[in-house]
Amino acid sequence: MTTGSPIPAYPTDAQPPRTQPRRTQPRRSRLRTFLPLGLAAWLVLEIWLLTVVAGATSGPAVLLILVAGFVLGAVVIKRAGRRAFRNLNEALQRGTAPRKGGGNGLMMLGGLLLMIPGLASDAIGLLLLLPPVQKAVSGYGERKLREAAATPGSLGDAFQQARIHRPDGKVVQGEVIRDEH
């Protein structure tokens, strides 16, 4: 048995060997971070509004408001769906694309918000049923989609670039040019 210091398994100036490479976690997007917090805040707001209205009126009145919102939302969704289906049928018979700007999507969203129990969602759903609000929201949405499609590396840019994978594994890169008349 020796009384000296033990000999290290690796030189003192070198780092110990790693068994696994260090993994870095990808950053969470803002949407994944704040969406649960936003939903929780929305839920608290809805419950608080229901208790305030129930305190000011009565429980059956709040129940009547919620049921009326559900029924109105169902009627709106049914009506918007019928209109969208009728527009699609007319377009197919004419042989053209369905006409744009019918507002059916926003009407369906408004109806869905009316069907969700809560007073804040009912208020937003009723606002989405108004034509001036539909026009403003659809214009804003179209502008944002155009901006997102114009930025390089975005989803819109992915539609402009096409990659064809050949059987031998080679990738042929090309560009899609849309001819819109």
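Q: Which residue forms a salt bridge with arginine 146?
A: This is a predicted model, in which local features need pLDDT of at least 70, side-chain atom pairs count only at pLDDT 80 or more, and totals for chains, interfaces and linings use all residues. Residues are numbered from 1 along each chain as its sequence is written, and side-chain values use heavy atoms, with hydrogens and water left out. A salt bridge is a side-chain nitrogen of Lys or Arg within 4 Å of a carboxyl oxygen of Asp or Glu. With the closest N and O atoms 4.0 Å apart, the partner of arginine 146 is glutamate 142.

Q: Which helix holds both arginine 146 and glutamate 142?
A: Helices are DSSP runs (H or I, at least four residues), numbered from the N terminus. Arginine 146 and glutamate 142 are 4 residues apart, about one turn of the helix, and both lie in α5 (residues 131–150).

Q: Is arginine 146 buried or exposed?
A: Buried means under 20% relative accessible area, exposed over 50%, and partly exposed in between (1.4 Å probe, protein chains only). Arginine 146 has 54% relative accessibility, so this residue counts as exposed.

Q: How are α1 and α4 oriented to each other?
A: Axes are lines fitted to C-alpha atoms, for helices over the stretch in contact, and angles run from 0 to 180 degrees between N-to-C directions. The axes of α1 (residues 30–56) and α4 (residues 119–128) come within 7 Å and cross at roughly 100°. Angles under 35 degrees count as roughly parallel, over 145 as roughly antiparallel, 65 to 115 as roughly perpendicular and the rest as oblique. The two helices, α1 and α4, are therefore roughly perpendicular.

Q: Which residues of α4 make the contact with α1?
A: Contact means heavy atoms within 4.5 Å. On the α1 side, the contact is made by Trp42, Leu45, Glu46, Leu49, Leu50 and Val53. On the α4 side, the residues are Leu119, Ala120, Ser121 and Ile124.

Q: Which residues does alanine 80 contact, leaving aside its neighbours within four places in sequence?
A: Alanine 80 is found in helix α2 (residues 59–94) and counts as buried at 0% relative accessibility. Its C-alpha atom is 6.2 Å from that of methionine 108, 28 residues away in sequence. Leaving aside those neighbours, alanine 80 is in contact with Asn104, Met107 and Met108.

Q: Where is isoleucine 116 placed?
A: At 36% relative accessibility, isoleucine 116 counts as partly exposed. Beyond its neighbours within four places in sequence, isoleucine 116 is in contact with Ser121 and Asp122. Its place is in the loop between α3 (104–115) and α4.
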